[in-house]
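Please keep the sequence and the structure in view while working through the points.

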Amino acid sequence: MNATVISEVIVAVLILIGTSFSLLSSFGLIRLPDVYTRSHAATKSATLGVLCTLFGAFLYFWISDGYISVRLLLGIFFVFLTAPVAGHMICRAAFLTNTQTENLIMETEETEEKVSKKLERAQN
C-alpha cells in the first residue's frame with residue numbers, strides 16, 4: 001500500500017465517523033426528553049460530526065491536490081467556536097424562562113418526602 005491509498009482510507013474513515021456522529025445527533029434530537037439534553041446532543045455530537053467531516057475534506061484536498069483550503073479551515077474554526085456558545089445560550093435562555101424539565105433530571109425535596117413516606121408505609 002502506498003501513501004495515497006493510506007491517506008484516502010484515513011479520509012474515508014474521518015468522513016464516515018463524522019456522518020455517524022451527525023446521524024447519532026439527529027436521533028438524540030428526536031428521542032431526548034427536554035431542551036437541555038437535546039441541546040447537548042446538538043452541540044456535542046453534531047459539532048464533532050461536522051468537524052470530522054470538514055477535517056476529512058481538508059485532508060483529502062491537501063493530500064490529493066496539494067491544495068490547502070482556507071475556507072475549510074475557517075469553517076472548522078467557526079463551527080468549533082460558535083456551536084458550544086450557541087448551545088450554552090440556548091440552555092441559558094431555557095433556564096431563565098423556567099422551561100420545564102423531565103422528572104428524571106431533577107428531584108425536589110417534596111418528591112423525596114413523598115418517596116420516604118411511601119417507603120415508611122410499605123414497611124409498616
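**Notes on the predicted model**

1. In this chain, among contacts between residues at least 6 apart in sequence, 64% join residues at least 24 apart.

2. The secondary structure of the chain amounts to four helices and zero strands. Read from the N terminus, the order of the elements is α-α-α-α. Of the 124 residues in the chain, 20% are buried.

3. Two packed helices are described by the angle between their axes and the distance between the axes. For helix α1 (residues 3-31) and helix α2 (residues 35-65), the axes come within 8 Å and cross at roughly 160 degrees. Because angles over 145 degrees count as roughly antiparallel, α1 is roughly antiparallel to α2. The crossing in which α1 passes α2 is left-handed. The residues of this contact of α1 with α2 comprise 18 nonpolar, ten polar and one charged.

4. How do the axes of α2 and α3 cross, and within what distance do they come? They cross at roughly 180 degrees and come within 9 Å. The two helices, α2 and α3, are therefore roughly antiparallel to each other. On the side of α2, the residues that meet α3 include V35, Y36, S39, T43, T47, V50, L51, L54 and F55. Their counterparts in α3 include L72, L73, G75, I76, V79, F80, A83, G87 and I90. The residues of the contact of α2 with α3 divide into 19 nonpolar, five polar and no charged.

5. I76 belongs to helix α3, which spans residues 70-96. Its relative accessible area is 18%, and I76 is buried because the cut-off for a buried residue is under 20%. With residues up to four places away in sequence not counted, I76 touches L51, L54 and F55.

6. Is T43 buried or exposed? T43, a residue of helix α2, has a relative accessibility of 12% and so counts as buried. The side chain of T43 reaches the backbone oxygen of S39 at a distance of 2.8 Å. When neighbours within four places in sequence are left aside, T43 is in contact with A83 and G87. Both A83 and G87 are listed among the α3 residues that meet α2.

7. T47 also lies in helix α2. With a relative accessibility of 9%, T47 counts as buried. A polar atom of the side chain of T47 lies 2.3 Å from the backbone oxygen of T43. Not counting residues up to four places away in sequence, T47 touches A42, V79 and A83. A83 is also in contact with T43.

Conventions:
Residues numbered from 1 in each chain as written. Predicted model: local features only at pLDDT ≥ 70, side-chain atom pairs only at ≥ 80, totals over all residues. Heavy atoms only, no water. Axes fitted to C-alpha atoms, helices over the stretch in contact; angles between N-to-C directions. Parallel < 35°, antiparallel > 145°, perpendicular 65-115°, else oblique. Left-handed = near helix turned anticlockwise from the far one by under 90°. Nonpolar A, V, L, I, M, F, W, Y, C, P; charged D, E, K, R; others polar. Buried < 20%, exposed > 50% of the residue type's maximum accessible area, 1.4 Å probe, protein only. Contact = heavy atoms within 4.5 Å. Polar contact = N/O pair within 3.5 Å; in protein donor to acceptor, adjacent residues only side chain to side chain.
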